[in-house]
Amino acid sequence: MKLNIFLVTPLFALVLNGCNIQTAEKRNGADNNSATTSVQVKFEDNGYLDQSTISGIKDEHLKVKAISAYEYALPIVGIEVWHKEFLKEANHGDWLIYDNQKSKAPILTANTTTPYVISFVDLAESSYYIEIPAGPIGGLIVDIYQSPMSDLGILGPDEGKGGKYILVGPKAEVPNGHDADFVVKSTSNLVLVGTRIIGLKGEKYKSSLAAHRIYKTDANSDDQKFIQASETPQWRGNQSHGLEFWQDLNRVLQNEPVVDRNRFILTQLRGTGIERGLTFEPDQRQKDILVEAEKMGNAMAMVNTFSRESYKEKHWPNRNWLYVLNMEYLDHMHPNYYEVTEVASYTYEAITTSKGMVLNNIGSGSKYLGAYIDDEGNWLDGKNNYEIIVPKEAPANQFWSITIYDNDTRCIIQNEQGKSDISSVMENIKVEADGSTRIFVGEKAPEGYENNWIQSNPNKGFFAYLRLYGPLESYYDKSWIMPNVKKVKLKK
């Protein structure tokens with residue numbers, strides 16, 4: 001019997017249009033160095049597939065669907081990685097305090113300037129009250145999809161005057177007779193609640209922290225626990241790899257109601273062993289497919305987040321500073337589509353969003369720009385030396401900062417120097433006569449710029465964030481312009 005044989009390579013390489021099949025090799029000029037493996041598609045002369053090819057095609061189909069699910073699942077797994085480590089130090093409803101670089105080391109693209117006050121709650125157990133004191137506090141409540149349910153503090157409904165919130169789960173009713181000032185109806189059971197206490201120090205900081213409360217609606221607020229986060233953390237906040245990624249995802253989805261966003265994930269993962277209400281016990285075939293899907297999903301997320309081929313928009317057309325947040329809608333729901341690529345790209349490198357980060361507020365909130373390549377278009381590499389210039393009159397009502405992150409973990413860089421950022425609120429940084437600030441990143445500090453230097457690791461890539469707290473008009477009208485990150489040679 002005559003067989004018509006075609007080679008199909010992942011991903012999405014099987015394109016059937018009538019009797020035509022287009023392969024990835026023909027489209028992309030793939031050669032023997034390709035990392036993908038081929039799936040043979042054989043047609044008999046009667047038009048049916050050869051039986052020997054069916055198993056491979058089914059596996060490839062399942063893998064493609066799992067890769068699609070990976071992109072949607074990135075924000076959920078990012079939340080769960082932090083959540084499961086939180087539970088090793090605290091319980092739901094405790095405040096865990098991250099107030100120094102060592103304790104913040106595992107958090108995705110953390111800033112090192114302001115303290116983080118963090119809690120997780122499970123609304124399947126109970127509704128919760130949250131009490132926020134008056135003052136310079138920026139806070140948020142986010143669901144597992146990293147959509148902001150509400151801001152807290154200055155940009156929240158309490159407007160910095162303080163207030164009492166009640167947080168209610170997706171399947172629960174708002175309790176009768178509650179005494180909260182504000183009601184927040186969550187779209188997920190697992191919720192992250194966090195605040196940053198901005199600019200307060202000493203007794204004022206301690207007093208503000210002590211006034212934070214989060215507790216079940218039938219509990220006593222006087223039992224609040226405040227716990228100092230470990231300064232020797234043994235974890236990093238980047239999404240887990242291999243089968244662990246899917247185990248983390250499954251653990252969250254088992255505790256959540258099925259809604260449109262996670263229904264798609266569960267649909268794509270049918271046949272992999274992940275199913276609502278069932279124990280996740282994949283066989284070896286399912287494990288192999290999921291592990292391969294995670295590898296490809298991770299690679300695709302890196303392309304979308306870091307590469308020159310990233311979809312991200314530049315703030316200045318002729319500069320390489322990209323918007324870190326590219327979502328247009330707080331709930332990520334564009335009228336024509338779900339902003340999955342934008343959400344996945346952001347949550348691959350960062351964690352949590354707030355209205356203050358998305359809305360264009362002059363003088364309040366914050367804006368983030370990321371630099372991943374230098375002025376020649378090459379990855380930022382720790383074996384080189386770079387200069388980052390922050391021009392005078394940076395458009396920040398509160399302060400600006402430059403922070404360096406590891407490209408693999410997406411966490412603050414770990415170096416012998418023990419330093420990852422330079423900010424305008426630091427003492428002893430050198431400012432040029434024209435008002436600009438020169439920052440250097442490399443293995444060694446240029447003479448005279450020791451306080452303006454962040455040490456790189458020679459065998460590691462990195463990226464940089466510019467943060468503007470309280471962005472001003474010259475940021476929005478783009479009249480203030482940051483130069484590209486420039487590779488430089490230091491004088492010997």
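This is a predicted model: local features need pLDDT of at least 70, side-chain atom pairs count only at pLDDT 80 or more; totals for chains, interfaces and linings use all residues.
The structure holds one cavity of 30 Å³ or more, and the residues that line the largest cavity are Gly78, Trp82, Pro106, Ile107, Leu108, Trp235, Gly237 and Ile351. By class, this lining comprises six nonpolar and two polar residues, with no charged residue among them.

The packing of the helices was examined next. Two packed helices are described by the angle between their axes and the distance between the axes. Helix 2, which spans residues 54-86, packs with helix 5, which spans residues 243-253, at an angle of about 75°, and the axes of the two helices lie 8 Å apart. Because angles of 65 to 115 degrees count as roughly perpendicular, helix 2 is described as roughly perpendicular to helix 5. On the side of helix 2, the contact is made by Ala66, Tyr70, Ala73, Leu74, Ile76, Val77, Glu80, Val81 and Lys84, which meet Glu244, Phe245, Trp246, Asp248, Leu249, Arg251, Val252 and Leu253 in helix 5. The residues of this contact of helix 2 with helix 5 divide into 12 nonpolar and five charged, and no polar residue takes part.

Helix 2 also meets helix 8, which covers residues 340-349; the axes of these two helices come within 8 Å and cross at roughly 45°. This angle makes helix 2 oblique to helix 8, and the crossing of the two helices is left-handed. Glu71, Tyr72, Leu74 and Pro75 are the residues of helix 2 in this contact, and their partners in helix 8 are Val340, Thr341, Val343, Ala344, Thr347 and Tyr348. The contact of helix 2 with helix 8 is made up of seven nonpolar, two polar and one charged residue.

Helix 5 in turn packs with helix 7, which spans residues 284-306, at an angle of about 95° and with the axes 8 Å apart, an arrangement that makes helix 5 roughly perpendicular to helix 7. Here Leu243, Phe245 and Trp246 of helix 5 meet Lys287, Leu290, Val291, Ala293 and Glu294 of helix 7. Six nonpolar and two charged residues form this contact of helix 5 with helix 7, again without a polar residue.

Key:
Residues are numbered from 1 along each chain as its sequence is written. Side-chain values use heavy atoms; hydrogens and water are left out. On a 1 Å grid over the protein atoms alone, a cavity is a set of points where a 1.4 Å probe fits but cannot get out, and a pocket is an open set with protein on both sides within 12 Å along at least five of seven lines; lining residues have an atom within 4 Å of a point. Grid points are joined across faces, edges and corners, and a volume is the space filled by probe spheres set on the points. Ala, Val, Leu, Ile, Met, Phe, Trp, Tyr, Cys and Pro count as nonpolar, Asp, Glu, Lys and Arg as charged, and the others, Gly among them, as polar. Axes are lines fitted to C-alpha atoms, for helices over the stretch in contact, and angles run from 0 to 180 degrees between N-to-C directions. Helices (H or I, at least four residues) and strands (E, at least two) are DSSP runs, numbered from the N terminus. Angles under 35 degrees count as roughly parallel, over 145 as roughly antiparallel, 65 to 115 as roughly perpendicular and the rest as oblique. A crossing is left-handed if the near helix is turned anticlockwise from the far one by less than a right angle, and right-handed if clockwise. Contact means heavy atoms within 4.5 Å.
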